[in-house]
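Subject: Handing over the model we talked about

Hi there,

Here is the structure I promised to send over. Have a look at it first, and then read on for my notes.

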Amino acid sequence: MQESELNYFKEILESRKEQIEKNINGVNDELDQLSGQELNDEGDHASNSNNSMIESAIVTQQNKELQEINVTLGKISEKTYGICEMCEDPIGFQRLKVKPHAIYCIDCREIVEKSK
């Protein structure tokens with residue numbers, strides 16, 4: 001992959017990383033606010049609990065994506081970015097445009113998903 005392409009994806013990944021970190025911090029602040037609220041009845045408790053579960057699921061998913069982005073940024077630094085971890089063929093440029101932190105080409109991704 002050319003240096004200009006690596007820089008293109010690095011900028012996208014760093015921007016997404018920054019966005020995720022802001023989201024996680026915002027959700028954590030919101031969860032702190034929810035836990036500090038005075039709850040008057042069972043409905044309030046149920047609503048608060050439901051909001052907390054949803055927010056926790058979002059944070060979990062975004063933490064996973066953040067880890068994948070950090071691994072991918074390391075691959076860019078090592079110049080191994082864009083190589084499928086299963087078959088070691090290049091991952092298509094269009095696939096990387098859709099999911100810049102992809103670790104599998106389309107064919108291998110399908111194999112991995114079917115085996116789960």
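The largest pocket holds about 340 Å³ of space. In this search, a pocket is an open set of points on a 1 Å grid over the protein atoms alone, where a 1.4 Å probe fits, with protein on both sides within 12 Å along at least five of seven lines. The grid points are joined across faces, edges and corners, and the volume is the space filled by probe spheres set on them. Lining residues have an atom within 4 Å of a point. There are 16 of them in the largest pocket, and K64, E68, K99, I103 and Y104 are the closest to its centre. Helices α2 and α4 are the elements that give two or more residues to this lining, with α2 providing the largest share, six residues. Helices here are DSSP runs (H or I, at least four residues), numbered from the N terminus. By type, the lining has eight charged residues, five nonpolar and three polar. Asp, Glu, Lys and Arg count as charged, while Ala, Val, Leu, Ile, Met, Phe, Trp, Tyr, Cys and Pro count as nonpolar and the others, Gly among them, as polar.

Before you go further, please keep in mind that this is a predicted model: local features need pLDDT of at least 70 and side-chain atom pairs count only at pLDDT 80 or more, whereas totals for chains, interfaces and linings use all residues. Residues are numbered from 1 along each chain as its sequence is written, and side-chain values use heavy atoms, with hydrogens and water left out.

Back to Y104, which sits in the loop between α3 and α4 (106-115). Y104 is partly exposed, at 22% relative accessible area (buried is under 20%, exposed over 50%, partly exposed in between, with a 1.4 Å probe and protein chains only). Beyond its neighbours within four places in sequence, Y104 contacts C84, E85, M86, I91, R95, R109 and V112, where contact means heavy atoms within 4.5 Å. Y104 and M86 are 18 residues apart in sequence, yet their C-alpha atoms are 6.6 Å apart.

C87 is in none, and its nearest cysteine sulfur, that of C84, is 3.7 Å away. The sulfur of C108 lies 3.6 Å from that of C105, its closest, so this pair is too far apart for a bond. C87 is partly exposed at 33%, whereas C108 is buried at 6%.

K79 is in the loop between α2 (42-78) and α3 (93-98), and E88 lies in the loop between α2 and α3. K79 is exposed at 52% relative accessible area, and E88 is exposed at 61%.

Finally, the largest nonpolar core has 18 residues, and L13, I76, Y81 and L96 have the most contacts inside it. The largest share, six residues, comes from α1. Such a core is a set of buried Ala, Val, Leu, Ile, Met, Phe, Trp, Tyr and Cys residues joined through side-chain atoms within 4.5 Å.

Best wishes

Terms used:
A disulfide is a pair of cysteine sulfur atoms within 2.5 Å.
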